[in-house]
Amino acid sequence: MSEKRNQVELSTISSKFTEETLRNIFATVCNETDVKVSDWDFGTASAKGDSYLSVVNRVTVNGFAKGKPVKVDLVIKSLPKTLGRRKTYRSTVFFRNEIAFYTKVVPKFEQFLKSKNQAHLLCVPRHLGSLADGENDYLVLENVCTLGFGPVTRHNFISMEDCIGILETFATFHAISFAYKDQHKEEFTKCVSHLEETYFTPKYWDWYEKFHQRLVNIATDALTIEYPNHEALKRFTSYKFGSLFDMCCEICGRTDAPTSVVSQGDSWAPNIFVRTIEGNKREALMLDFQLAHCVSPVLDLSFFIYSCTDKALRERFNDMLKIYHNKLCSIITSLGSDAKKLYPWETFMKEAKEQFFYGIVFALEALPIAMLDESEAFDLDELIKGDEAVNINDIWTLPKLETQQKRLRVADIIVHAVENGFL
């Protein structure tokens, strides 16, 4: 591979991403200063429909550390090249938030866990470099596939084994927040102040309104066909349009609540990788913190369960809650705080009753997109040609669900929420 071709490929990430940037990242990974980068190769980029807010490249870097050959595998997220696409999907807002998570929150968590000799508990990719200036943004992370992690499919439902591993990973991540907040309240407040609500806030209603109407119509159609006489249809349609969004805004605004912790914010299948460990157990790792915020942990839990489990698996719903809470309490205790004081079962269940509806509202968007065939996925660079933002409803032209299987995937979660008193 020629030097000229290498330089061209790096510039496709960002005009600020240079060979020197890559060399510094290589040195960080190798933990050496005496390094030389010989070449790099771009692997498969994110598939159409896999990433709407950013461009994701997998890059293999070859070089030498202290004269010995080394290969480093990276994942590099960058802004879409089309200005209209950036503006339409507010890409710079999401980049700013994710980079704040990795540069302001993660270092504090790492320092805290190191002081407890439990650095292994932080289940996120290693941050290797980033820039957020609103024009040349990029984020460089380790490629966790080299550690044996792989994706959970977004098209099919997960197994109970995967579910347990993912629930325990979310519990561990939330427990770190609880313990750190308990023992370093001032520092916690300061670091989470860098996170912003990127989705459910009144200032984004104009951005979301028309698309939300489409999603509500899709869900109503699915309920009408599959559960025409069910209380779920009556209850769901009783909400005044916009009120579900407002309810999400209200709970997402509780950043100072005693039980608000750093949450991943986009906790569905494409943003979770798993690997098999001893005893055929699953271990999960969380990706994509562009929607990270400080809220009740119930929000991550509810979106995960409603977007990733099927009706049969939700027969074990109470078991899922217990698995999550038991792990949460175990980790909080191991980090030196009192779990019964910070998040007792009664408080957890009270918040579940009050806030589990959040998972429904977010799943109304996630599920119709997840069930698109690959050929139906939206190619934003083709659909957004100019430099100005367009309404997302004109891009995400999701149709009503045409098969019973797809309709039931949406309708069943609403039925579950109504039967459990969440809606």
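This is a predicted model: local features need pLDDT of at least 70, side-chain atom pairs count only at pLDDT 80 or more; totals for chains, interfaces and linings use all residues.
1. Helices (H or I, at least four residues) and strands (E, at least two) are DSSP runs, numbered from the N terminus.

2. Residues are numbered from 1 along each chain as its sequence is written, and side-chain values use heavy atoms, with hydrogens and water left out.

3. Several residues of α11 are buried, including Phe317, Met320, Tyr324, His325 and Cys329. Buried means under 20% relative accessible area, exposed over 50%, and partly exposed in between (1.4 Å probe, protein chains only). The cover over the buried residues of α11 includes α5 (160–183), α10 (298–308), α12 (339–342), α13 (345–355) and α16 (404–419). After α11 comes glycine 336, with a positive phi near 95 degrees.

4. Helix α16 also contains isoleucine 414. Its relative accessibility is 0%, and therefore isoleucine 414 counts as buried. Apart from neighbours within four places in sequence, isoleucine 414 is in contact (heavy atoms within 4.5 Å) with Ala219, Leu223, Ala232, Phe236, Ile360, Leu364 and Leu423. Valine 75 is 339 residues from isoleucine 414 along the chain, and their C-alpha atoms are separated by 36 Å.

5. Three strands form an open sheet in the order β6-β8-β9, with antiparallel pairing. β6 (150–151) and β9 (282–286) are the edge strands; each has a single partner, so one side of each has no neighbour in the sheet. Two strands pair if DSSP finds at least two bridges between them.

6. β8 (residues 272–276) and β9 run antiparallel and are joined by five bridges. Isoleucine 272 is the bridge partner of methionine 286 in β9, and threonine 276 that of arginine 282. The two strands form a hairpin with five residues between them, and glycine 279 in the turn has a positive phi of about 70 degrees.

7. Helix α5 lies across β8 and β9, at about 50 degrees to β9. Axes are lines fitted to C-alpha atoms, for helices over the stretch in contact, and angles run from 0 to 180 degrees between N-to-C directions.
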